[in-house]
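Thanks for sending this one over. Here are my notes, point by point, to read alongside the model.

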Amino acid sequence: MRLISGGVAAAALVLLLTGCVASAPTPTEPPIAAPTPVETAPAGALTCEDLASADLVAAALTGVDGATPELVEAWWPRAGLGEMAVTAAGGLDCSWRAGAAVNPDEYGATDGRYLRVEVLPGGGPLWQPYLMGDGPAQDTDHRDVGGAPGLATCGDPGCRVSVPIGDAWIQVDLTPDGWNADRSVFAGMDARAVLDRVVAVAASAVEAVDAAGPTGLGTASPAEQVDCESVLPAAEIETFDGSPAEWSTIGAALPERVRFGDAAGYLAGFTPCSGPGYNPLLVIAPTGAALVADLAARADGAALLTPVALVGMAAGDVAVTDCTDGAKYCTLVFSHDGAGYSIGAPADATVRYAELVLAG
């Protein structure tokens, strides 16, 4: 649903481990080679300041009152290894907040809003004209972004710009608290004007990436994906009707409709595994232990992720969850023996599944 002006009904935000997950996953043949991240940034690497100036970011986050906001480095609170996929793929993930930190469980309660700029190396050739929702982008979504053909629109849950530039894929998201309930700081503004400011940030990022060339970002190095069954036997999966479960590896081959999250996880070398009806969702990062620690410490998510003590954890392991009292579905993210994992499942099953992984 496009939001151009006027009120709209509140929309629930559904958080999946891999961000946007391909529809209708199908089992794949034996695992294929997929890349995993490099350990160090290249010489002359781009920085967040190179992508967009503070003035551009502040303009994009300025609400209906016209007051220039104070910027804080922070990310919209989410759990899941998919949140770290761009970093794992050698890319650049930058995010700023204006206003109060947001609690997703209290939608529309703050003046908080976030602007996130992600640059995914290797993603340019994978770019497709999909933005939000299930269908292709509309004709009106096509925009010139810093001289590159891209897409830009506002919808659920904010505004997004997506553009390929050479080997890279750039995505910029404006996510305001209360946007879909007309309770955000942008309520009363023409969404086209809000979107134009986000396009200006994306155009700056396009120019920076184009100028930096291949030395501006990291790269991913080949590694074989992990077999889902070897990490968590499908026989341990609880199904609604008691029927035997099977794993579908939903990221070993890219789906027909490639979205940014699909490409990022693939290039990061993550192995996403789906049980029946996406229950559970297991994501494996074979060398991703440090990613879990970074996610657990990331502002503003750290305030909402609760540490978990799991049977089988070793010294240095980290485990956090977004589960709250009364939650029906939760994500648990943890590290062990150099690897990172995240599990999305019914609230009463996440710990059991995680401890089975640790016991394996």
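1. Cavities first: this predicted model holds 2 cavities of 30 Å³ or more. A cavity here is a set of points, on a 1 Å grid over the protein atoms alone, where a 1.4 Å probe fits but cannot get out. Grid points are joined across faces, edges and corners, and the volume is the space filled by probe spheres set on the points. The second largest cavity has about 50 Å³ of space. Its lining residues, meaning those with an atom within 4 Å of a point, include Trp 75, Trp 76, Arg 298 and Leu 305.

2. A word on how to read the values. Residues are numbered from 1 along each chain as its sequence is written, and side-chain values use heavy atoms, with hydrogens and water left out. As the model is predicted, local features need pLDDT of at least 70 and side-chain atom pairs count only at pLDDT 80 or more, while totals for chains, interfaces and linings use all residues.

3. Two of those lining residues also meet each other: Arg 298 lies over the face of Trp 75, at 4.0 Å from the ring centre. To count as a charge over a ring, NZ of Lys or CZ of Arg must be within 6 Å of the ring centre and within 35 degrees of the ring normal.

4. How many aromatic pairs does the structure hold? There are 4. Trp 76 and Tyr 114 make up one of them, edge-to-face, at 5.5 Å centre to centre with 75° between the planes. Trp 76 sits in the loop between strand S2 (72-73) and helix H3 (85-88) and Tyr 114 in strand S4 (residues 113-121), so this pair links parts that are 38 residues apart in sequence. Helices (H or I, at least four residues) and strands (E, at least two) are DSSP runs, numbered from the N terminus. Rings of Phe, Tyr and Trp (its six-membered ring) pair if their centres lie within 6.5 Å; planes under 30 degrees apart are stacked, over 60 edge-to-face, and the rest tilted.

5. Are the two partners buried or exposed? Trp 76 is buried at 6% relative accessibility, and Tyr 114 is buried with a relative accessible area of 2%. Buried means under 20% relative accessible area, exposed over 50%, and partly exposed in between (1.4 Å probe, protein chains only). Trp 179 and Phe 186 also pair: their ring centres are 6.2 Å apart and their planes at 65°, which means edge-to-face. Trp 179 is buried at 8%, as is Phe 186 at 4%.

6. Tyr 114 has a polar partner too. The side chains of Asp 300 and Tyr 114 are joined by a polar contact of 2.6 Å. That term means a pair of N or O atoms within 3.5 Å; within protein, one must be able to donate a hydrogen and the other to accept it, and residues adjacent in sequence count only if both atoms are side-chain atoms. Asp 300 is in the loop between helix H7 (289-297) and strand S13 (306-307), and is buried at 11% relative accessibility.

7. Another buried polar residue is worth a look. Thr 153, in strand S6 (residues 148-154), is buried at 4%. Its side chain makes a polar contact with the side chain of Asp 141 (3.2 Å).

8. Helix H4 (residues 191-212) has 22 residues, and its end C-alpha atoms are 32 Å apart, in agreement with the 32 Å it should span at 1.5 Å a residue. The expected span is 1.5 Å times one less than the number of residues. Asp 190 caps the N-terminal end of H4, with a side-chain oxygen 2.9 Å from the backbone nitrogen of Arg 192. After H4 comes Gly 213, which has a positive phi near 70°.

9. Please check the cis peptide bonds. One joins Asp 156 and Pro 157, with omega about 15°; Pro 157 lies in the loop between S6 and strand S7 (159-165). Another joins Asn 279 and Pro 280, with omega about -5°.

10. Asp 182 has a phi of about 55° and lies in the loop between strand S8 (168-176) and H4; Asp 182 is partly exposed at 34%. Asp 337 has a phi near 55°, and at 71% relative accessibility Asp 337 is exposed.

Definitions and conventions
On a 1 Å grid over the protein atoms alone, a cavity is a set of points where a 1.4 Å probe fits but cannot get out, and a pocket is an open set with protein on both sides within 12 Å along at least five of seven lines; lining residues have an atom within 4 Å of a point.
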